[in-house]
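Welcome, and please take a moment to look over the sequence and the fold before reading on. The report below is meant as a friendly first tour.

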Amino acid sequence: MFLKGSKLYSILTGTCPVCHEESMYKESNPYKLNRVFDMHERCSHCGTKYKIEPSFFFGAMYVSYGVGIAFAVAAFVIAYFFLGGGLMTSFWVIIGTLVVFMPLIIRLSRNIWINLFLHYKPGAGKN
């Protein structure tokens, strides 16, 4: 894939930020809500530990706020300016967007958070 080796690749695909070879999540579908937070302990390819310290992903909540705002602004612009809805319609579109995309926002926030601390290493995990 053309982005492999970049942080953007790991963030968008949810793969290991060090080797980009394995998904960090046990379940690839974020809409299986009972498994949205289930992550592997380590990468089976390079051995990277995903939970660097206890409660590591609490920091992803701060990222989640920003990502949620981006989704909300996009929903408002589409509803208000492109579709011509009023403020109340735009409000309900924003609420609906945040509810529908919540699992994606959770995963995307975790991916961004871990990529702030771990970096791609070409050939990681190869013997």
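This is a predicted model: local features need pLDDT of at least 70, side-chain atom pairs count only at pLDDT 80 or more; totals for chains, interfaces and linings use all residues.

Residues are numbered from 1 along each chain as its sequence is written, and side-chain values use heavy atoms, with hydrogens and water left out.

**Starting at helix 1**

Helices here are DSSP runs (H or I, at least four residues), numbered from the N terminus. Ser10 belongs to helix 1, which covers residues 7-13. With a relative accessible area of 0%, Ser10 is buried; that word means under 20%, while exposed means over 50% and partly exposed lies in between (1.4 Å probe, protein chains only). Contact means heavy atoms within 4.5 Å. Leaving aside neighbours within four places in sequence, Ser10 is in contact with Thr15, Cys16, Pro17, His20, Asn111 and Asn115.

**The nonpolar core**

A nonpolar core is a set of buried Ala, Val, Leu, Ile, Met, Phe, Trp, Tyr and Cys residues joined through side-chain atoms within 4.5 Å. The largest one has 18 residues, and those that touch the most other members are Cys16, Met24, Met39, Tyr50, Phe57, Trp113 and Ile114. At least two residues of this core come from each of helix 2 and helix 4 (102-117). Not counting residues up to four places away in sequence, Phe57 touches Met39, Tyr50, Lys51, Arg110, Trp113 and Ile114.

**Rings that meet**

Rings of Phe, Tyr and Trp (its six-membered ring) pair if their centres lie within 6.5 Å; planes under 30 degrees apart count as stacked, over 60 as edge-to-face and the rest as tilted. There are nine aromatic pairs in the structure. One of them is tilted and joins Phe71 with Phe101, at 5.4 Å centre to centre and 50 degrees between the planes. Phe71 sits in helix 2 and Phe101 in the loop between helix 3 (87-100) and helix 4, so this pair ties together parts that are 30 residues apart in sequence. Another pair is Phe76 with Phe81: the ring centres are 5.9 Å apart and the planes lie at 85 degrees, so the pair is edge-to-face. Ring pairs also link Phe56, Phe57, Trp113 and Phe117 into a cluster.

How accessible are the residues of the two pairs described above?

| Residue | Relative accessible area | Class |
|---|---|---|
| Phe71 | 23% | partly exposed |
| Phe101 | 31% | partly exposed |
| Phe76 | 25% | partly exposed |
| Phe81 | 55% | exposed |

Phe76 is part of helix 2 (residues 60-82). Although Phe76 and Ser90 are 14 residues apart in sequence, their C-alpha atoms are 5.5 Å apart in space.

**Charges over rings**

A charge sits over a ring if NZ of Lys or CZ of Arg is within 6 Å of the ring centre and within 35 degrees of the ring normal. The charged end of Arg107 is placed this way over the ring of Tyr25, 4.0 Å from its centre. Likewise, the charged end of Arg110 sits over the ring of Phe57, 4.6 Å from its centre.
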